[in-house]
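Reader: I have a model open and would like to learn how to read its fold. Could you walk me through it?

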Amino acid sequence: MNEQETVPAYIGVRKRKWGKWVSEIRQPGKKTRIWLGSYESAEMAAAAYDVAALHLKGSNARLNFPELSNSFPKPVSSNAEDVQLAAQQAAMRFKRPGQEAEGGGVVPLRVGLSPSQIQAINESPLESPKMWMELECALLVGEPHGSNQLEEPGDDDIDYYSIWD
């Protein structure tokens, strides 16, 4: 990044080293976080955060776009999946023309992990061998243990996606 290039400072948003903007929010009174998504722009991630903050923390929440608070979609419940869905809908309102969503769809790609697996990831330190083993098992369902080597790019023209972006 150039010294002259400024990074927008939005609440609940950070930029990955490969350029994606991500957003998450800590659930009030808990140690767990709700993952709100990975987006192409900081504004999209900030809008996702605002929806979750408004729903979880109420009208006194610090928002990135307070002037838009009445127009944001409202989650149907405090369930993490409902909050994520409303957050993604709000983020898509900030999508720039010509900007392609992950996977070619209108919402970011979702990985099918169970609530207990997500909780284990949120509560376990990244250095935890148990967490990595559980994650490996979740992602390699149907494959025998030990056959987790990825083929070289170009083999069968398969695209592999990281769960971390």
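Reader: How many helices and strands are there in the protein?

Author: Keep in mind that this is a predicted model. The protein has four helices and three strands. Their order from the N terminus is β-β-β-α-α-α-α.

Reader: In what order do the strands sit in the sheet, and what is the sense of their pairing?

Author: The sheet is open, its order is β1-β2-β3, and the pairing is antiparallel. β1 (13-15) and β3 (33-39) are the edge strands, each with a single partner, so one side of each has no neighbour in the sheet. On average, neighbouring strands are turned by 25 degrees against each other, direction ignored.

Reader: Which residues can I click on to follow the pairing?

Author: Begin with β1 and β2 (residues 21-26), which are joined by three bridges in the antiparallel sense. Here Lys-15 is opposite Trp-21 in β2. Then go on to β2 and β3, which run antiparallel with six bridges between them; there, Glu-24 lies opposite Trp-35 in β3.

Reader: What should I know about side chains along a strand?

Author: The general idea is that side chains in a regular strand alternate between the two faces of the sheet.

Reader: Is β3 largely enclosed or largely open?

Author: Largely enclosed by the rest of the structure, because five of its seven residues are buried. For the protein as a whole, 32% of the 165 residues count as buried.

Reader: Now the helices. How does one describe two that pack together?

Author: Two packed helices are described by the angle between their axes and the distance between those axes. In this model, α1 and α2 (residues 80-92) pack at about 140 degrees, with axes 7 Å apart. Angles over 145 degrees would count as roughly antiparallel, and α1 and α2 are therefore oblique to each other. The crossing of α1 past α2 is right-handed.

Reader: Which residues of α1 and α2 make the contact?

Author: From α1 they are Met-44, Ala-47, Ala-48, Val-51, Ala-52 and His-55, and from α2 they are Val-83, Ala-86, Ala-87, Ala-90, Ala-91 and Met-92. By class, this contact has eleven nonpolar residues, one polar and no charged ones.

Key:
Residues numbered from 1 in each chain as written. Predicted model: local features only at pLDDT ≥ 70, side-chain atom pairs only at ≥ 80, totals over all residues. Heavy atoms only, no water. Pairing = 2+ DSSP bridges. Helix = DSSP H or I, 4+ residues; strand = E, 2+ residues; numbered from the N terminus. Axes fitted to C-alpha atoms, helices over the stretch in contact; angles between N-to-C directions. Parallel < 35°, antiparallel > 145°, perpendicular 65-115°, else oblique. Left-handed = near helix turned anticlockwise from the far one by under 90°. Contact = heavy atoms within 4.5 Å. Nonpolar A, V, L, I, M, F, W, Y, C, P; charged D, E, K, R; others polar. Buried < 20%, exposed > 50% of the residue type's maximum accessible area, 1.4 Å probe, protein only.
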